Amino acid sequence: MKQPIFLIPIFQERIWGGTKLRTEFDYAIESDRTGECWAVSAHPNGMSIVNNGYYKGKSLNELWEKNPELFGNIGGAVFPLLTKILDANTDLSVQVHPDDEYAGVYENGELGKTECWYIIDCEEGSELILGHKAQTKEEFNEIIQRGQWNNLLQRIKVKPGDFFYVPSGTIHAIGSGILILETQQSSDTTYRVYDYDRIGENGEKRELHLEKSIDVTTIPHEDYTITPVTTILPGAKITLYIHEENFSVYKWEISKATTFNQNKPFLIGSVLKGSGKIVTTEATFTIEKGAHFILPNGLGYFEVNGEVEMIVSHP
């Protein structure tokens, strides 16, 4: 079927979550500590369900396994990407993710986790932790054992519209007051390095994973400079933020009807602002803020019209 596949988001409660997924996107969340919207996911910890058309009611994983032609027959045991929106009402833990090789050995064949962040919105003065200052594994371990976090962690001020690349092995944390769209490998493996001595639901400090963290952290830290590449089309501004082995991520800013050719294995779209329509050879589909969809392989030429801003990705 040559039409967009719209997906129902899954919401995850987190100790650091808030209410912006309700107030900013009008999602029907119940908890005032909702930290994550798993928008496009075939991961068993939060599985997307199709909300329209011929495949309505099927899980994304079922489509991946039974209808590989929708995804360009690219192969692989699991759907490769996961798109989230995160509401950091308070600071997330300082953490690091393994690469594919390490996760495959120590996490039951799970993928590693390279990710990237688009800052949807943030409070003035908001910060991320991205990277560390240690030059050797011995120095890294010693600073952790002493609890000298201010001497270890690199902090970065952020503003709406910023984009950050976070490859596996990068020490990182999203700071309070930040609303982020995250594109990542389909993995739920996180090693906690530091958690501000917070108390979890069980009344005890949350578990840390220091041994694995030290194993997988890139030392010394490698900074990555993002150099966006912008293409101006009649009616659209397309910005390519990152093109690497796991994913390519763009921002599409549509101001009037623009024609595209879907010639990738598949495209993932998440609407962050405005509303519009996707017009294919078969039908017209309304898109609005908070919608998430996949444009399958073989869709061919399609039109997007309206005033709409979205993050688009593909493997």
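1. Contacts across the chain. Of the contacts in the protein between residues at least 6 apart in sequence, 71% join residues at least 24 apart. The model discussed here is predicted.

2. Secondary structure. The protein has six helices and 23 strands.

3. Pairing of strand S1. Strand S1, residues 5-8, pairs in the antiparallel sense with strand S22, residues 292-295, over two bridges. Within that pairing, Ile-5 has Ile-294 in S22 as its bridge partner. S1 is also joined by two bridges to strand S6, residues 49-50, and these strands run antiparallel. Here the bridge partner of Leu-7 is Val-50 in S6. In a regular strand, side chains alternate between the two faces of the sheet.

4. Overall dimensions. The radius of gyration of the protein is 20 Å, which agrees with the value near 20 Å for a compact globule, because that is what 315 residues would give. The C-alpha trace spans about 60 × 40 × 40 Å along its principal axes.

5. Burial and surface. How much of the protein is made up of buried residues? Of the 315 residues, 54% are buried. The accessible surface comes to about 14200 Å², and carbon and sulfur atoms account for 45% of that surface.

6. Charges. The protein carries 28 positive and 44 negative charges. The mean position of the positive charges and that of the negative charges are 4 Å apart.

Methods: Residues are numbered from 1 along each chain as its sequence is written. This is a predicted model: local features need pLDDT of at least 70, side-chain atom pairs count only at pLDDT 80 or more; totals for chains, interfaces and linings use all residues. Side-chain values use heavy atoms; hydrogens and water are left out. Helices (H or I, at least four residues) and strands (E, at least two) are DSSP runs, numbered from the N terminus. The radius of gyration is taken over C-alpha atoms; the globule rule is 2.2 Å times the number of residues to the power 0.38. Buried means under 20% relative accessible area, exposed over 50%, partly exposed in between (1.4 Å probe, protein chains only). Contact means heavy atoms within 4.5 Å. Accessible areas come from the Shrake-Rupley method with a 1.4 Å probe; for residues, only the protein chains shown count as cover. Lys and Arg count as positive and Asp and Glu as negative; His and the chain ends are not counted. The place of a charge is taken as NZ of Lys, CZ of Arg, CG of Asp or CD of Glu. Two strands pair if DSSP finds at least two bridges between them.
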